[in-house]
Amino acid sequence: MNKHSTTTNGADFAKLSYLIIDDFESFRLSMREMLRSFGAEKIEASAKASPAIQFCAYSHVDVVLCDFNLGEGKNGQHILEELRHKKLLKRSSIFLMITAETSKEMVMGAREYQPDAYLTKPINRAMLIKRLDSLVSQRSALLPITREIDHENYPEAISLCLKFLPAQPRYKTWLMKTLADLYYRVGDFSHALKIYQDVLNQRDLSWACLGKGRILIATGNYEEAATTLNSLVEKHPDYMEAYDLLAEALEKLGKPLQAQKILETAAELSPYALLRQKHLASLAASNQDLFTASEAWRNTVSLGTHSIHDSSEHYLALGQSLADLSDGDNTSDGYARADEALTTLRRMERRFAEEDNIRVRSRIVQSRVHAGQGNQNEANKALESVADQLDDGEKIDPETGIDYAKTLFRLDRDQEAKDLLGTLARRCSDQPYLLQKIENLLDEPVGYQQKLKARSRNRDGIKAFEDNKLDDAIETFNEALSIVPDHAALNLNLCQVLMKKYKGTGDKDLIKQAQNHLQRLDNLPEQHRQYRRLASLRKKLQDMMS
Amino acid sequence: MSSENPENRNMAKKSGQTIDFSMVLASAVHDMKNSLGMLLNSLDDLRREQSDTISESTKFNTLQYEAERMHNDLVQLLGIYRLGENNLSAHIEEHFVPDFLSEHMARHTPLLEGLGINFELEAEDINGFFDADLLTGVLNNTLNNALRYTRTKIQLTANERDGYLVITVEDDGDGYPENMQHTGTPDFKALDFKSGSTSLGLFFASSVASLHAEGEKTGSIRLHNGGSLGGGIFEIWLP
């Protein structure tokens with residue numbers, strides 16, 4: 001029949017141990033039958049994820065045959081992720097994902113963990129044998145390499161790949177991909193790039209293009225990375241990993257809005273990748289797009305139900321974004337969001353009960369939600385329930401402390417909030433990320449809608465200033481400052497306009513006003529981003545008055 | 001002047017209430033395809049369990065053949081839907097051709113044996129660049145078609161010609177009718193639903209072929225008659 005000698009070796013198959021995971025008994029039976037028919041003896045079968053994972057924890061499995069769709073609960077991808085993540089399955093073992101899907105890219109989306117092969121239903125005995133035969137041959141041929149990867153001995157794995165390349169043309173693609181990936185892992189970006197480039201010089205292959213993009217990001221060539229990945233996404237609109245990398249490159253280029261757009265497209269095409277939803281959520285939140293952020297956090301939370309990536313952080317972030325959105329909103333929408341926030345946070349307390357800080361984190365946000373709906377009593381009660389963990393600014397975990405300060409502002413306990421933030425700023429003086437959070441909160445200790453209004457006024461003011469409409473600019477900046485009086489950049493903006501107008505008119509009153517605004521910032525610490533600007537404006541003003 | 005804060009975009013989405021009929025169709029097709037998959041699995045089990053009584057039964061073979069055909073059609077429909085949605089692209093990788101084809105043939109083995117059709121695979125030891133899923137869809141359909149029209153024999157060959165990978169399916173039936181023997185892409189609007197042959201498979205095959213492009217070269221399909229078996233010859237040329 002086939003002029004190629006088949007390499008099927010009954011002994012090879014028979015020696016291996018198998019695990020079948022499928023929720024249909026008939027399918028499990030028929031797979032077991034097929035495996036037995038070519039001599040396999042060590043065959044375990046499971047209908048559900050948990051016993052299957054449990055089994056892998058205690059027994060060695062060579063081949064996993066796992067159906068993607070397992071009904072309620074975990075699916076095949078969850079199992080694969082958990083097995084690989086917890087290292088319950090060796091790199092040298094084979095994971096076969098069985099699907100009824102032909103469009104697997106779309107369904108699975110971005111994956112850190114990929115199966116060794118897909119089998120598309122319907123499967124018959126002849127197909128299974130053929131497929132296992134080539135996978136098992138590949139496994140034995142490449143075992144020296146995968147074993148070194150299992151032992152994290154990457155340099156040895158690299159030299160083995162190099163040795164195998166000329167000898168094993170059948171596995172050329174696997175070897176090239178693995179080699180480039182190993183170079184990437186050990187930080188040898190130039191060799192990794194060379195492999196991708198060599199492949200691309202011969203042929204425009206999407207995996208090599210993706211790899212090249214990843215290296216360009218790792219080496220700081222963001223512009224080129226974005227160009228490369230953009231054209232990849234255009235050519236392959238169903239290549240999900242390309243979107244994720246493109247978003248990363250755009251972020252690095254300082255284009256967070258474009259990055260968000262890319263992730264939104266990807267999340268729409270392939271909505272089940274938790275890490276992508278999480279990435280989108282954080283990005284939208286930092287873009288002040290709380291609608292998109294809360295939707296993405298909601299998806300992240302729900303995808304977490306069966307995933308190893310589940311985390312209390314997702315619940316907390318969803319609660320926080322809903323708290324911001326519902327703040328001061330007494331419509332039914334606002335009420336519904338507040339209610340969802342409280343439900344989410346209560347679920348978080350139950351699901352992650354063993355985590356240290358969990359009750360405090362939850363109650364701080366709950367209190368803010370109540371306050372935002374005008375329920376002062378409830379708001380106070382929520383804080384009182386964890387009061388003993390909040391009273392010492394020297395000991396409180398900084399992230400928790402910052403969130404607590406936000407709630408204090410919301411409860412009109414401004415002085416307490418400022419004192420706490422002062423203490424925290426001193427404690428975190430070597431952590432720029434936290435310092436910036438503290439500055440932002442001190443600048444804008446108001447609700448989300450108020451904050452947006454102040455920001456929009458600020459932009460209008462800048463526009464007016466650029467158009468040389470100084471009176472308009474002064475008026476708009478004053479409006480913004482009536483919302484956030486301590487905002488450093490805004491005070492300086494206004495000061496700058498006042499000084500310019502003084503140059504034109506000589507009106508001494510303008511100088512006085514400018515002075516007032518600078519005085520408001522007397523306590524600005526040296527590490528503040530606006531500090532140098534403040535110093536230079538102080539000097540200019542001094543010069544003008546002398 | 002300093003505006004530190006990125007612009008806010010209120011992205012509240014409006015949910016459209018209009019029914020997208022092709023999407024409804026696509027999900028129904030998806031469902032039917034999966035059901036047929038289960039059905040085919042059961043047929044395969046049945047053939048194995050009852051090999052003495054049914055393996056050469058014409059009725060049983062017809063049952064499996066027709067189920068396979070429907071399954072292929074649905075797979076192609078979904079593929080064409082995704083082509084229309086513009087989210088089907090070829091994920092081209094390098095494959096060892098003999099491995100790919102023999103794995104592919106395995107799927108058809110039970111039916112071929114049941115029908116008593118002789119089958120030959122001749123593939124050169126070469127690597128080819130193609131999207132394995134898409135090509136599987138095309139070959140399934142072509143082989144299914146050959147099964148229908150052949151008398152005793154089907155031959156699958158793969159070799160390299162003029163810098164293209166050429167995969168050929170030949171049979172010893174009556175061959176393709178005159179009006180189907182062409183090399184271009186059939187126009188979807190020109191498909192003749194009245195004649196009973198919708199050429200859906202050919203449309204899909206040529207769409208898949210043309211998704212395979214490399215530099216100036218693009219994939220294509222060719223239909224003609226003759227060859228060593230004297231029947232229909234289907235060729236897919238991939239750069």
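Domain bounds here come from an automatic or database domain assignment, and on that basis chain A is divided into domain 1 (1-139), domain 2 (270-443) and domain 3 (453-545). This is a predicted model, in which local features need pLDDT of at least 70 and side-chain atom pairs count only at pLDDT 80 or more, while totals for chains, interfaces and linings use all residues. Residues are numbered from 1 along each chain as its sequence is written, and chains are lettered from A and ligands numbered from 1 in the order in which they are written.

**Domains 2 and 3 of chain A**

- The C-alpha centres of domain 2 of chain A and domain 3 of chain A are 32 Å apart.
- Between them, 6 residues of domain 2 of chain A are in contact with 8 residues of domain 3 of chain A (C-beta atoms, placed from the backbone, within 7 Å).
- On the domain 2 side, the largest share, 4 residues, comes from helix α22 (residues 432-443) of chain A, helices being DSSP runs of H or I with at least four residues and strands runs of E with at least two, numbered from the N terminus.

**The sheet of chain B**

- An open sheet of mixed pairing is formed by 5 strands of chain B in the order β2-β4-β5-β9-β8, where two strands pair if DSSP finds at least two bridges between them.
- Its edge strands, each pairing on one side only, are β2 (118-123) and β8 (220-226) of chain B.
- Strands β4 (residues 153-161) and β5 (residues 164-171) of chain B run antiparallel and are joined by 8 bridges; Leu156(B) has Val169(B) in β5(B) as its bridge partner.

Key: Two residues are in contact if their C-beta atoms, placed from the backbone, lie within 7 Å.
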